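These are my notebook entries on one protein chain. I set down what I looked up, entry by entry.

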Amino acid sequence: MPVVDDWVNDPLGIVQNIYDKDGQVEGKVVRDYFTSRAKGNAMSWIPSLNDTPLHTLRPNSLVRYRCMIQDMYDPEFYLGSYEVVDTKTGKTNMKSGKYKDIAECASFQQINMESANNKTMDRQTLYGVPIPGESAWVKAGYTERTGVKVHPSTSYTPVRCKRSLEEDGSEVNSQNEAMETSESVKAATMETTEESSSSENKRTCVSDRPVENSPALPDLNFPLPEEKGVSCLIKVYDDIDAFCVNDLVEFVGVLSVDPSLAQFEAEDHGSQGRVCTDGFQVSAEEKNAHAPPPSLVPRLHAVFGTKLTHINPLLAPSTAQEDGFKEVLSRLQGEITALRQQIMATLEHILFGDKLAAEYFLCHLLSSVYARADVMPLGKFCLNLTCCPTTPEYSALLHRFLASIVTKSHILPITIENMNKVRMCPQKDYTANRLLSGVLQLGADTSLLLDETVLQAGQLDANGVKNMTALGNLINWQKVEYDFSYHRQEFLSDVAVLVLSEAKSLLPSDCLLPLAASIPAGVSLQDYFSRLDNLMSADFVNKFRVYLTTAKMLDYSMSGDIQTAIQDDFVNIRKEDPKNMTIDDFHKLLNLVRFLSISHLQTCPTQNLWTQAKSMEAQRKQRLPQTSANAN
C-alpha cells in the first residue's frame with residue numbers, strides 16, 4: 001500500500017493496489033478505505049472544486065464537490081479491467097479501469113484490446129450544478145473551512161482543450177511531453193460516446209478561460225440564470241440508486257480533466273445532423289451536452305458521496321441524533337430567551353415595527369416539509385404579506401436580508417413578462433437527451449420570495465398560465481411537474497415560499513397577513529434597512545444562522561397530556577360556536593404551535609404556547625376583511 005500521504009494525491013494508485021491484492025475492486029472496499037481516512041478534520045485536506053480554480057488542481061487527485069444533482073444521464077460502459085502487454089518481454093498483467101476515463105499504460109506497454117480477460121462494466125453519470133440560490137456567506141464559509149490552499153503543480157503542465165470549433169489541424173505534443181514516461185491510450189469501449197483516436201491529432205490548446213460569446217460554449221443548464229460556479233459530470237460506480245435528481249450531495253472522488261474527453265461538434269449539420277460514436281447514432285446536440293470540454297465541465301469519479309441534511313458551514317453535517325448537534329442545541333437553549341428577543345427585534349425592524357408579523361415571519365423561516373400524509377405535505381407555511389410597500393426596492397432589501405441568514409434563497413418578480421417567458425418547470429430535451437432546468441428546480445430548504453407588488457395589468461399567454469399553475473402547485477402540494485413531452489412526472493419539493501403583495505395574492509397561501517406598518521416619514525428604505533447594522537453584529541448573525549438550521553432539525557412531538565388538553569380545547573370551542581373553529585382552523589393552529597415550540601427550541605409544546613398560537617390567529621383574523629377571513 002502507498003504511504004498515507006498518497007491517498008489524496010494518488011487515489012488511483014491506491015485503487016490499483018487494491019486490485020492487485022484482491023483481483024477486483026469492490027466499491028465497498030474502496031469506499032471504506034477513503035471514508036476511514038477522510039474522517040473529521042482530514043476531510044479539509046481534500047481540495048474542493050467549489051472553492052479552488054480548476055487549473056490549480058492536480059489531475060487524478062482526490063477532490064470534493066458540493067452540488068445539486070440536476071440531471072441523471074443514461075448508464076455508460078467502460079473497461080472495468082484490461083490487460084496490458086510489455087512490448088519488450090511480452091509479459092502481461094491486468095490493470096483496473098475504475099475511477100478513470102482513459103485506459104492508461106506505461107510507455108513500454110500496450111493495451112491488448114482483444115484480450116479475453118478484459119471486463120466491461122457500467123456506471124451511472126450524474127450532472128451536478130452549484131446548489132441553486134446558495135448564499136454568499138455559505139460559499140465564503142466553506143472556502144474558509146478548506147484546509148488546503150492549492151497552487152499549480154510544477155510537476156506537470158496543465159493542458160486545456162479549446163472550446164471553440166476553430167481547429168487548425170495542428171498536432172498537440174505538449175500533452176505527451178507532460179505525461180513524460182506514461183502513455184494514454186483511449187479504449188474503444190471506455191465510454192459509449194468516445195470519439196475515435198484520430199481526433200487526438202486535431203485538438204488545439206489555448207487558455208483555459210472560455211470565450212464568453214463563443215457559439216461553441218455549452219449551456220451549463222443552471223436552474224437560476226444568475227448562478228455562478230463549476231458544474232461537473234459525476235461518475236457513480238456503486239449504489240447508483242442512492243441518488244436522485246435534486247438531491248444535495250457532497251461527492252469525494254478522482255478528478256479527471258483529460259482534454260481527449262471533449263467531444264465537441266458543431267450543431268449545424270443540416271441533413272447530416274447525427275454523428276456516429278462507437279457505432280451509435282447520436283445527435284450533435286447530445287454529444288455537446290454529454291461530453292463538454294473538461295476544462296469547463298470536469299469529470300469526477302466518485303469514491304463516496306454524502307447526502308447533505310443542511311449546507312450551513314457553521315455546523316457540522318450531523319443529524320439530530322449525533323453528539324455534535326446535541327452540544328450546539330444545548331448551548332443555544334441556554335441563551336434562547338435573549339437570542340429570540342434579539343431575533344424578534346430584528347424581524348420587527350424589517351417589517352416596520354409589526355410584532356405580530358414578526359412572529360409569523362419567524363414561523364415561516366422555520367417551516368419545512370417534515371412528512372407527508374398521502375399527498376398533503378406537513379410542515380409547509382407559505383406566508384402572504386399584504387399592504388407591502390409597492391416599490392421593488394423593498395422586496396430587494398428584504399431578499400438581501402433573507403440571503404444573509406438563510407443558506408439558500410431566490411427572489412422572483414411576478415410580472416407578466418416573467419410569467420410568459422421564464423421556464424419554471426424543467427423540461428426534457430430529447431434532441432440533446434438532457435433535462436432542461438427550470439427556476440423551480442430548487443434544492444430542499446430553499447427560501448423563495450415572490451414579489452407580486454410589481455405585477456401590472458397584462459395578458460398571460462399559455463406559458464404564463466402554466467407557470468402560475470406551477471407556482472400554485474408548489475405552494476399547495478410542494479411538488480413540481482417536470483415536462484417529459486409525452487407525460488408529466490411530479491417531483492417532491494421543500495421550498496419555503498414568501499409572497500409580497502399589495503392586496504391578497506393571486507397565488508394560494510397558508511397564511512394571509514396584512515402588515516400593520518408604520519413606515520418612518522422622510523426616511524428612504526435604504527437608510528431604514530441600513531439601521532440593521534446596529535442590531536446585527538457578526539456574532540449575532542452567526543448565532544441567528546445556526547439557530548435557524550438547528551431549530552429545523554429538532555425532533556418535534558406531542559406528549560399525551562398536551563394532546564388531550566388541545567383536543568379538549570378544540571371540542572369546547574366547537575361546542576360554543578362551530579364557525580369559530582373549523583377543521584382547517586385546527587390544523588393551522590397545530591402547525592402554528594409546532595413552529596412556536598421549535599422557535600423556543602422546545603421539542604414539545606406547552607399550554608402557554610398553545611394559548612399564544614390561538615391569540616396570534618385571533619389577532620391575524622381581525623386584520624382581514626370579512627371575505628378573506630372566511631377563506632384564510
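Which residue in S5 does Val 84 stand opposite? I find Ile 111 in that place.

Entry 1: basis. I note that this is a predicted model, in which local features need pLDDT of at least 70, side-chain atom pairs count only at pLDDT 80 or more, and totals for chains, interfaces and linings use all residues. Residues are numbered from 1 along each chain as its sequence is written, and side-chain values use heavy atoms, with hydrogens and water left out.

Entry 2: the chain overall. I looked up the element count and found 19 helices and 23 strands in the protein chain. Helices (H or I, at least four residues) and strands (E, at least two) are DSSP runs, numbered from the N terminus. Of the 632 residues, 53% are buried; buried means under 20% relative accessible area, exposed over 50%, and partly exposed in between, with a 1.4 Å probe and protein chains only. I also looked up contacts, meaning heavy atoms within 4.5 Å. Among contacts with a separation of 6 or more, 78% join residues 24 or more positions apart.

Entry 3: strand S2. I returned to the strand with which I began. S2 covers residues 76–86 and is mostly covered, with nine of its eleven residues buried. I looked up its pairings, where two strands pair if DSSP finds at least two bridges between them. S2 pairs with S5 (residues 109–112) in the antiparallel sense over four bridges. Five bridges join S2 to S6 (residues 119–129), again antiparallel. Five bridges also join S2 to S3 (residues 92–96), and these two strands run antiparallel. Ser 81 has Lys 119 as its bridge partner in S6, and Ser 81 also stands opposite Ser 96 in S3. In the hairpin of S2 and S3, five residues lie between the strands, and I record that Gly 90 takes a positive phi near 80 degrees.

Entry 4: strand S9. Why is S9 largely enclosed by the rest of the structure? I find that nine of the nine residues of this strand (residues 248–256) are buried, so S9 is largely enclosed. S9 pairs with S1 (residues 62–72) in the antiparallel sense over seven bridges, and Tyr 65 has Phe 251 of S9 as its bridge partner. S9 also pairs with S12 (residues 299–307), antiparallel, over eight bridges. There I noted Ala 302 of S12 as the bridge partner of Gly 253.

Entry 5: Gln 333. I located Gln 333 in helix H7 (residues 323–333). Gln 333 has a relative accessible area of 36% and is therefore partly exposed.

Entry 6: H8 and H9. Two packed helices are described by the angle between their axes and the distance between the axes. Axes are lines fitted to C-alpha atoms, for helices over the stretch in contact, and angles run from 0 to 180 degrees between N-to-C directions. The axes of H8 (residues 336–350) and H9 (residues 355–365) come within 8 Å and cross at roughly 110 degrees.

Entry 7: I found an open sheet of five strands in the order S16-S19-S22-S15-S23, with parallel pairing. Its edge strands are S16 (409–413) and S23 (511–514), each pairing on one side only. Within the sheet, three bridges join S15 (residues 383–386) to S22 (residues 495–500), and Leu 383 has Leu 498 of S22 as its bridge partner. H10 lies across S16, S19 (446–451) and S22, running at about 170 degrees to S16. H10 (residues 392–405) also packs with H15 (residues 538–552) at an angle of about 75 degrees, their axes 8 Å apart. That makes H10 roughly perpendicular to H15.

How values were computed:
Parallel < 35°, antiparallel > 145°, perpendicular 65-115°, else oblique.
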